[in-house]
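Hi everyone, thanks for coming. Let me put the structure up before we talk about its salt bridges and one of its pockets.

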Amino acid sequence: MKNCCARLRKHIVCGAILVIAAVACAAAQQTSLELDPAQTSVKFTLGDVLHTVHGTFQLKRGALEFDPSSGKISGEIVADAKSGASGSNMRDRKMHKEVLESERYPEISFSPDRVEGPVASEGKSTVKVHGTFRIHGADREITVPATVDMSGEHWSAVVHFSVPYAKWGMKNPSTLFLRVSDTVEIDLAASGTVQQSKSAAIAAQ
């Protein structure tokens with residue numbers, strides 16, 4: 001009877017150790033990706049019949065939590081809608097007042113929830129990122145291709161996708177004499193530091 005109880009206690013202890021180890025391992029795999037505004041750019045491209053318009057938005061804030069083992073990712077990347085600039089004051093006033101309505105909707109954001117495809121701990125990886133894109137006060141579910149480069153304590157990612165802004169309820173600024181595309185191309189080049197998340201730091205102690 002004593003031997004049986006001893007074996008049972010041993011199994012319980014071993015099981016508890018395995019559970020704790022599994023939780024600690026999962027926590028340790030959480031990676032914090034901080035964005036550096038100085039190294040992050042958000043560019044847009046809009047075509048018309050005469051020429052192509054290029055412009056930029058400024059990053060407002062951004063931070064992500066990524067679990068490479070499951071592909072789960074959380075956090076957000078937020079651009080300042082009011083910072084949108086294309087090099088023409090008249091065109092930009094029209095964009096902010098009639099298209100983006102940036103006084104009413106001052107932020108454009110992307111909140112990812114999962115990464116489709118493996119991300120290498122070092123070097124480049126080509127993946128797809130699924131999440132919610134918020135613009136003009138509305139949420140849209142999108143999946144975008146991304147090239148991610150991990151290098152020690154630094155990371156970077158390049159993302160390109162199209163926004164059918166007219167289809168999504170925003171005004172097309174075309175006039176009788178100037179026709180522009182009803183889709184705008186977005187290019188995000190993000191860069192920042194890789195940090196151990198708080199849960200990982202606690203698990204490692």
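This is a predicted model: local features need pLDDT of at least 70, side-chain atom pairs count only at pLDDT 80 or more; totals for chains, interfaces and linings use all residues.

Residues are numbered from 1 along each chain as its sequence is written, and side-chain values use heavy atoms, with hydrogens and water left out.

Now, the salt bridges. Side chains of opposite charge can pair when their charged atoms come close. Here the term means a side-chain nitrogen of Lys or Arg within 4 Å of a carboxyl oxygen of Asp or Glu. Searching the whole structure turns up 9 of them.

Take Glu 76 and Arg 61, whose side chains meet at 3.2 Å, N to O. Glu 76 sits in strand S4, residues 72-85, and Arg 61 in strand S3, residues 52-67, so this pair ties together parts 15 residues apart in sequence. Strands are DSSP runs of E, at least two residues, and helices are runs of H or I, at least four, numbered from the N terminus.

How accessible are these two? Glu 76 has 28% relative accessibility and Arg 61 has 37%, and both count as partly exposed. For the cut-offs, buried is under 20% relative accessible area, exposed is over 50%, and partly exposed lies in between, with a 1.4 Å probe and protein chains only.

Next, Lys 82 and Glu 103 form a salt bridge at 3.7 Å, N to O. This pair links distant parts of the chain, 21 residues apart: Lys 82 is in strand S4, while Glu 103 is in the loop between helix H2 (89-100) and strand S5 (107-116). Lys 82 is partly exposed at 43%, whereas Glu 103 is exposed at 65%.

Then there is Asp 113 with Arg 114, at 4.0 Å, N to O. Salt bridges with shared partners also join Lys 60, Arg 61, Glu 76 and Glu 107 into one network.

Finally, the second largest pocket, which has a volume of about 150 Å³. On a 1 Å grid over the protein atoms alone, a pocket is an open set of points where a 1.4 Å probe fits, with protein on both sides within 12 Å along at least five of seven lines; lining residues have an atom within 4 Å of a point. The volume is the space filled by probe spheres set on the points.

Its lining includes Phe 66, Met 150 and Glu 122, and divides into 6 nonpolar, 4 polar and 1 charged.

Definitions and conventions: Ala, Val, Leu, Ile, Met, Phe, Trp, Tyr, Cys and Pro count as nonpolar, Asp, Glu, Lys and Arg as charged, and the others, Gly among them, as polar.
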